[in-house]
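Please look at the chain shown below and follow the explanation with the structure in view. The paragraphs pass from single residues to the chain as a whole.

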Amino acid sequence: MIEYIKGELTELTPALATVEAAGVGYGLNISLNTFSAIQTKKEVKLYVYEAIREDAHVLFGFFNKKEREMFELLITVSGVGTNTARMMLSGMSVAELCNAISTGNAKLIQSIKGIGKMTAQRIIVDLRDKIVALGIADEIPAGGTIAAPVNTAVRDEAVAALTMLGFSPAPTQKVVVQILQEQPSLPVEQVVKLALKQIK
């Protein structure tokens with residue numbers, strides 16, 4: 001079992017980080033929250049979750065243990081897979097997700113792509129006590145603002161990230177362009193977060 005990978009951040013997109021450790025480049029699927037936390041760093045330490053399947057060995061990387069713990073809890077819920085859990089942690093911070101679960105705000109959880117009414121209610125019922133027991137509800141998300149790049153660069157990166165998350169490029173680009181027309185100074189991760197709530 002890999003607990004964490006520490007090394008040089010050689011490549012980074014909003015959905016994937018490549019970390020070189022001991023001459024090996026590890027590709028780790030990440031959430032937007034982790035992307036925001038590590039995008040200015042050269043050396044990183046990412047906590048790892050290994051998803052071992054028949055057809056692939058997939059690594060997920062997290063900036064801190066709290067996010068990984070929340071990810072591991074989410075995938076215990078029936079109907080929530082690794083990609084859905086990552087999407088949830090991209091659309092909301094750990095603290096926001098904990099707040100939605102603890103207050104029973106199913107509507108907010110449903111605003112995330114791929115989460116229906118039954119799944120949202122199941123997440124609340126299954127995890128409400130667990131997040132308190134594990135102390136995840138105390139999490140304060142690490143964040144920070146960045147200077148917005150040129151709009152075309154933001155658009156292309158946001159579309160690429162959403163495509164990697166499984167959305168079709170054409171409707172995705174339409175939503176991303178609309179968001180940037182309304183709020184041209186938004187950084188990539190905010191554009192993607194808004195797009196996740198609008199793409200249906």
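Is K45 buried, exposed or partly exposed? With a relative accessible area of 33%, K45 is partly exposed; here buried means under 20% relative accessible area, exposed means over 50%, and partly exposed lies in between, for a 1.4 Å probe and protein chains only. The model is a predicted one, in which local features need pLDDT of at least 70 and side-chain atom pairs count only at pLDDT 80 or more, whereas totals for chains, interfaces and linings use all residues. Residues are numbered from 1 along each chain as its sequence is written, and side-chain values use heavy atoms, with hydrogens and water left out.

K45 belongs to strand β4, residues 43–52. Helices (H or I, at least four residues) and strands (E, at least two) are DSSP runs, numbered from the N terminus. Residues up to four places away in sequence set aside, K45 touches Y4, I5, K6, F62 and F63; a contact means heavy atoms within 4.5 Å. M87 is 42 residues from K45 along the chain, and their C-alpha atoms are separated by 21 Å.

T18 counts as buried, at 16% relative accessibility. Apart from neighbours within four places in sequence, T18 is in contact with E8, L9, T10, E11, G25, Y26 and G27. One of these, E8, is 10 residues away along the chain, and the C-alpha atoms of T18 and E8 are separated by 8.4 Å.

The loop between β2 (16–21) and β3 (24–29) contains A22. At 84% relative accessibility, A22 counts as exposed. Most residues other than glycine have a negative phi. A22 is not a glycine, yet its phi is positive, at about 55°.

The helices come next. Helix α4 covers residues 94–102, and V94, L97, C98, A100 and I101 are buried in this helix. Viewed down the axis of α4, the buried residues fall within an arc of 160°, so they line one face of the helix; the arc is that of the directions from the helix axis to the C-beta atoms. An α-helix has 3.6 residues a turn, so residues three or four places apart point the same way. Just after α4, G104 takes a positive phi of about 70°.

Helix α9, residues 188–198, holds E189. E189 has 3% relative accessibility and counts as buried. Although E189 and M1 are 188 residues apart along the chain, their C-alpha atoms are separated by 30 Å.

How many helices and strands does the chain have? The secondary structure comes to 9 helices and 5 strands, and their order along the sequence is β-β-β-α-β-β-α-α-α-α-α-α-α-α. The radius of gyration is 16 Å, close to the 16 Å that the globule rule gives for 200 residues, so the chain is as compact as a globular protein of that length. This radius is taken over C-alpha atoms, and the rule is 2.2 Å times the number of residues to the power 0.38. Along its principal axes, the C-alpha trace spans about 45 × 45 × 35 Å.

Of the 200 residues of the chain, 45% count as buried. Among contacts between residues at least 6 apart in sequence, 56% join residues at least 24 apart.
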